[in-house]
Amino acid sequence: MSQPAHGVRSLLDTVELAAIAHRLGREIKRDYPDGVVLVALLKGSICFLADLVRELPGPCELDFLGLSSYGDGRTRVRVVKDLDLEVAGRDVIVVLDIVDTGLTLDYVLRLIALRGARSTAACALLDRQSRRLLPVEVRYVGQVIRDEHVVGYGLDFDERYRNLPGLEVAEEVDLRAEPSAMFERLWRR
Ligand code: IMP
Ligand code: MG
């Protein structure tokens with residue numbers, strides 16, 4: 001297999017990711033002693049959600065929302081998998097992999113508010129604040145990151161690399177040139 005000449009860099013390893021889930025789980029438990037509904041956005045949040053819920057030693061219910069972006073610059077969002085739970089009157093936390101422009105989170109918070117939730121908040125593993133287009137509040141943040149493309153631990157590039165155990169920074173231009181080229185390199189760490 002051909003190897004790209006550039007490197008890839010670890011952003012957060014499994015120990016650091018576990019520490020983030022532990023910290024945020026405790027914060028959520030402290031803020032919602034009577035329970036909360038966690039709405040996870042597919043697919044990027046799956047690994048984070050799995051770790052987070054096991055660090056949340058209190059009542060919680062889980063649901064999933066699938067979105068797809070489309071249109072000019074993919075700035076429009078539509079629902080491709082809707083919630084199963086009724087969220088009216090409930091306290092809801094939206095769980096995401098990363099907040100980038102904020103368009104996705106803004107859409108989801110509005111949707112859940114329209115469904116009559118009693119309260120809404122957001123919990124994101126990563127927050128790329130420098131790229132924000134909409135001023136969304138992210139109450140629970142794993143880590144603020146720079147403007148770099150990350151893959152692994154649920155996050156993808158063109159549906160690849162979600163199954164890497166840790167989070168890695170990878171050059172978008174290199175990924176685009178050869179989307180699968182980094183498997184060997186990333187798995188060998
Ligand atoms: P936003 O609507 O611009 O905030 O984008 C949020 C969504 O874009 C996230 O839920 C991710 O699915 C995706 N995304 C943004 N940055 C990255 C990245 O660096 N790696 C993988 N997915 C990303
Ligand atoms: Mg993606």
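Hi everyone, let's start in a loop: Lys 43 is found between β2 and α2. Please keep in mind that we are looking at a predicted model.

What kind of peptide bond joins Leu 42 and Lys 43? That bond is cis, and its omega is about -5 degrees. As background, most peptide bonds are trans, and most residues other than glycine have a negative phi.

That brings me to Tyr 153. Its phi is near 50 degrees, a positive value in a residue other than glycine. You can find Tyr 153 in the loop between β8, residues 150-151, and β9, residues 167-169.

Now to the helices. Take α1, which covers residues 14-31, and α2, which covers residues 46-53. The two pack at an angle of about 60 degrees, and their axes are 8 Å apart. Because of that angle, α1 counts as oblique to α2. As for handedness, the crossing of α1 and α2 is right-handed.

Which residues make the contact? From α1 we have Ile 20, Ala 21, Leu 24, Gly 25 and Ile 28, while α2 brings Phe 48, Asp 51 and Leu 52. Sorted by type, the residues of this contact are 6 nonpolar, 1 polar and 1 charged.

Rolling a probe the size of a water molecule over the atoms shows where empty space is left. In this model, the largest pocket holds about 1,500 Å³ of space. There are 41 residues lining this pocket, and the closest to its centre are Ser 69, Arg 74, Asp 100, Thr 104 and Asp 156.

If you want to follow along on the structure, begin at the cis bond between Leu 42 and Lys 43, then look for Asp 100, among the residues closest to the centre of the largest pocket.

Notes. Residues are numbered from 1 along each chain as its sequence is written. Chains are lettered from A and ligands numbered from 1 in the order in which they are written. This is a predicted model: local features need pLDDT of at least 70, side-chain atom pairs count only at pLDDT 80 or more; totals for chains, interfaces and linings use all residues. Side-chain values use heavy atoms; hydrogens and water are left out. On a 1 Å grid over the protein atoms alone, a cavity is a set of points where a 1.4 Å probe fits but cannot get out, and a pocket is an open set with protein on both sides within 12 Å along at least five of seven lines; lining residues have an atom within 4 Å of a point. Grid points are joined across faces, edges and corners, and a volume is the space filled by probe spheres set on the points. Axes are lines fitted to C-alpha atoms, for helices over the stretch in contact, and angles run from 0 to 180 degrees between N-to-C directions. Helices (H or I, at least four residues) and strands (E, at least two) are DSSP runs, numbered from the N terminus. Angles under 35 degrees count as roughly parallel, over 145 as roughly antiparallel, 65 to 115 as roughly perpendicular and the rest as oblique. A crossing is left-handed if the near helix is turned anticlockwise from the far one by less than a right angle, and right-handed if clockwise. Contact means heavy atoms within 4.5 Å. Ala, Val, Leu, Ile, Met, Phe, Trp, Tyr, Cys and Pro count as nonpolar, Asp, Glu, Lys and Arg as charged, and the others, Gly among them, as polar.
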